Amino acid sequence: MTDAAESSFAAPTSRRFVFTTTEADALALEAVLKPADRGWRSLLGYAFALPPLVAVSWLTRNAEWPLWFAAFGVAGLAAWQLSRFVLKAERQRAARNHPVGKGEIDFADDRLEGTIGGVAIDISSVSALRVETDGSHLFLLAEGKPAVILPRAAFAGAADMTAFAAMLKE
């Protein structure tokens, strides 16, 4: 092989990522960081519905079936709405903990710098990064710095994202 052919396979020394992240992306990072804490969401409906349903059952033990039906429907609707409120609060908390919004990150000479949602990102050495991935994101975590969430849309495709993550892990 010639030197020109060998150099065409080298990792790029500089790269620019332009993307937009949302609360859902921040929540995906939270799921990667604390996977054991996510199981409680499946219990929200039961946690909010069972106590009022037990109370309705006790209060209407001599009532006719239409009252039961209406009471269970109202309790179920209230539980569903409360579950949605709790999950929305969780997404908003994740977005407060990790920068989201329009982002421009430059990778050059072992350094990441740019902004995400108006928050300045400046990581002087990518060798100290913790690199995590899920199916649709690349997460770059540095001690004491804001997390960088790169969605798959910032890359040419899933293979490009995987190759970039592998290069950073080396």
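Four phenylalanines, F17, F107, F155 and F164, form one aromatic cluster.

F17 is buried, with a relative accessible area of 0%. F164 likewise counts as buried, because its relative accessibility is 3% and the cut-off for burial is under 20%.

F164 also takes part in a pair with F107. Their ring centres are 5.5 Å apart and their planes stand at 90°, so this pair is edge-to-face. Since F107 belongs to strand β2 and F164 to helix α5, the contact ties together parts that are 57 residues apart in sequence. F107 counts as buried at 6% relative accessibility.

The protein contains five helices and seven strands. Read from the N terminus, its elements follow the order α-β-α-α-α-β-β-β-β-β-β-α. Among contacts with a separation of 6 or more, 57% are made by residues 24 or more positions apart.

Strand β1, residues 14–21, pairs with β2 in the antiparallel sense over eight bridges. Within this pairing, S14 has A108 of β2 as its bridge partner. On to the next strand: β2 and β3 also pair in the antiparallel sense, over six bridges, and D106 stands opposite E113 in β3.

What do β2 and β3 form together? They form a hairpin with two residues between them. Most residues other than glycine have a negative phi. D109, however, has a positive phi of about 50° although it is not a glycine, and the phi of D110 is also positive, near 65°. Are these residues buried or exposed? D109 counts as exposed because its relative accessibility is 68%, and the cut-off for that class is over 50%. D110, at 34%, counts as partly exposed.

E30 is found in helix α2, residues 23–33, and is buried, with a relative accessible area of 2%. The side chain of E30 makes a polar contact with the side chain of H98 at 2.6 Å.

Finally, some totals describe the protein as a whole. Of its 170 residues, 31% count as buried. The protein exposes about 10,400 Å², and carbon and sulfur atoms supply 61% of this area. The confidence of the prediction should be kept in mind: the pLDDT averages 79, and 83% of the residues score at least 70. Over residues 1–11 the pLDDT is below 50, and this stretch has three contacts in the model beyond near neighbours in sequence.

Notes
Residues are numbered from 1 along each chain as its sequence is written. This is a predicted model: local features need pLDDT of at least 70, side-chain atom pairs count only at pLDDT 80 or more; totals for chains, interfaces and linings use all residues. Side-chain values use heavy atoms; hydrogens and water are left out. Buried means under 20% relative accessible area, exposed over 50%, partly exposed in between (1.4 Å probe, protein chains only). Helices (H or I, at least four residues) and strands (E, at least two) are DSSP runs, numbered from the N terminus. A polar contact is a pair of N or O atoms within 3.5 Å; within protein, one must be able to donate a hydrogen and the other to accept it, and residues adjacent in sequence count only if both atoms are side-chain atoms. Contact means heavy atoms within 4.5 Å. Accessible areas come from the Shrake-Rupley method with a 1.4 Å probe; for residues, only the protein chains shown count as cover. Two strands pair if DSSP finds at least two bridges between them. pLDDT is the predictor's confidence in each residue, from 0 to 100. Rings of Phe, Tyr and Trp (its six-membered ring) pair if their centres lie within 6.5 Å; planes under 30 degrees apart count as stacked, over 60 as edge-to-face and the rest as tilted.
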